[in-house]
Amino acid sequence: MARATIYVGFTVPQLLRGASRIFPTHSALVLLRHSAFCYCTVNGTIKSKRKMDHLERTANNFRQEVISQAKVCGITNESQTVKRLRLAIANKDFTFKAGQWVDFFIPGVSVVGGFSICSSPGLLEREGVLELAVKHTVHPPAHWIHTECTLDSEVALRVGADLHGYQEGKGNEYKMGTVKLYYSAKNTSELLFKKNILGLMNAFPGKIACCFHVTQQSSQICKELQPHVTEGRISEKDLEKHVSKDTLWYICGPPPMIESISKLLFNIGVPRNCVFFEKWW
């Protein structure tokens, strides 16, 4: 049986972690998806008395035992603030599932980073590489990636929490549902992976759809994106039409955004047990 899942999030690429941006002016992502799997925090009021580092925040999360050496084999500017890091993995036993993140160990840097994997497990299987998308912040690991990391830099990785708690198997009568993605940023140049998203929409018509939102667009929007772009923030009106008993909502992004979207969803009648988000602060 297909379930409706809504993933509401103002996300940094990390789609995907350093949540230092403020909700009204920075990137946002809202994804509506029909499925039934998740490993994340449910509901709850978002409060933070002090800033903890990545390992402390995720101390209770599952981790694989394998720590693999990796070498930087590609660096690409996805936007003015985000770099895509391509890493060649040395350990053949290193594996991950879609939705997982890695502990990121840098020689000479005492702080351990935590970044979402933005490439597919298939890329690792085919080419022995994975990719991370990292936004520039003053956090030491992110700062290192943007200011000191070069081709052939060596790091170490360990896979963290498994978000893919449901696996399709034979005889379980699983049916693919649908996905609706609301992805908002200040302008189209900050809509990371937009070409990949458009590609998925074309590959799965009727199953995957996306509405991009821009809040501070100053240049003309390209023809390819125009049919999918709305100027202005994601609103209650956008989301309320997707409320149903079969819909699950997933939120990803900075704390103020998650707090705001959670309240919006509860106000339009979404049950608390249908709203999911991760805490990374």
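Strand 6 (residues 101-105) and strand 9 run antiparallel, joined by 4 bridges. In this pairing, F105 stands opposite A156 of strand 9. This is a predicted model.

Strand 9 has another partner. Strand 4 (residues 67-77) is joined to strand 9 by 5 bridges, and these two strands also run antiparallel. Here K71 faces E154 of strand 9. How much of strand 9 (residues 154-159) is covered? Mostly: 5 of its 6 residues are buried. In general, the side chains of a regular strand alternate between the two faces of the sheet.

**Around helix 3**

Helix 3 covers residues 140-147 and has the highest mean pLDDT among the elements of the chain, 96. Its buried residues are P141, A142, W144, I145 and H146. What do they pack against? The list is strand 5 (82-89), strand 6, strand 7 (113-116), strand 8 (129-135) and strand 9. As a rule, an α-helix has 3.6 residues a turn, so residues three or four places apart point the same way.

**Loop residues**

S153 sits in the loop between helix 3 and strand 9. A polar atom of the S153 side chain lies 3.0 Å from the backbone oxygen of T150. Leaving aside residues up to four places away in sequence, S153 touches A70, K71, V72 and W144. Two of these names have come up already: K71 stands opposite E154 in strand 9, and W144 is a buried residue of helix 3.

T58 belongs to another loop, between helix 1 (54-57) and strand 4. T58 and D103 are 45 residues apart along the chain, yet their C-alpha atoms are separated by 9.9 Å.

Is S153 buried or exposed? Its relative accessible area is 13%, under the 20% cut-off, so S153 counts as buried. T58 is buried too, at 1%.

| Residue | Relative accessible area | State |
|---|---|---|
| T58 | 1% | buried |
| C149 | 10% | buried |
| S153 | 13% | buried |
| C211 | 14% | buried |

**Cysteines**

How many disulfides does the structure hold? The number is 0. C211 is in no disulfide, and the nearest cysteine sulfur, that of C210, is 6.9 Å away.

**The chain as a whole**

The protein chain contains 6 helices and 14 strands. It has 281 residues, and 47% of them count as buried. The accessible surface is about 14200 Å², with 51% of it belonging to carbon and sulfur atoms.

**Confidence**

The chain averages a pLDDT of 77, and 74% of the residues score at least 70. Where does pLDDT stay under 50? One stretch is residues 11-49, with 161 contacts beyond four places in sequence. Another is residues 162-172, with 21 such contacts. Which element has the lowest mean pLDDT? That is strand 3 (residues 41-42), at 38, whereas helix 3 has the highest, at 96.

How values were computed: Residues numbered from 1 in each chain as written. Predicted model: local features only at pLDDT ≥ 70, side-chain atom pairs only at ≥ 80, totals over all residues. Heavy atoms only, no water. Buried < 20%, exposed > 50% of the residue type's maximum accessible area, 1.4 Å probe, protein only. Pairing = 2+ DSSP bridges. pLDDT = per-residue confidence, 0-100. Contact = heavy atoms within 4.5 Å. Disulfide = S-S within 2.5 Å. Areas by Shrake-Rupley, 256 points an atom, 1.4 Å probe, with all protein chains shown as cover. Polar contact = N/O pair within 3.5 Å; in protein donor to acceptor, adjacent residues only side chain to side chain.
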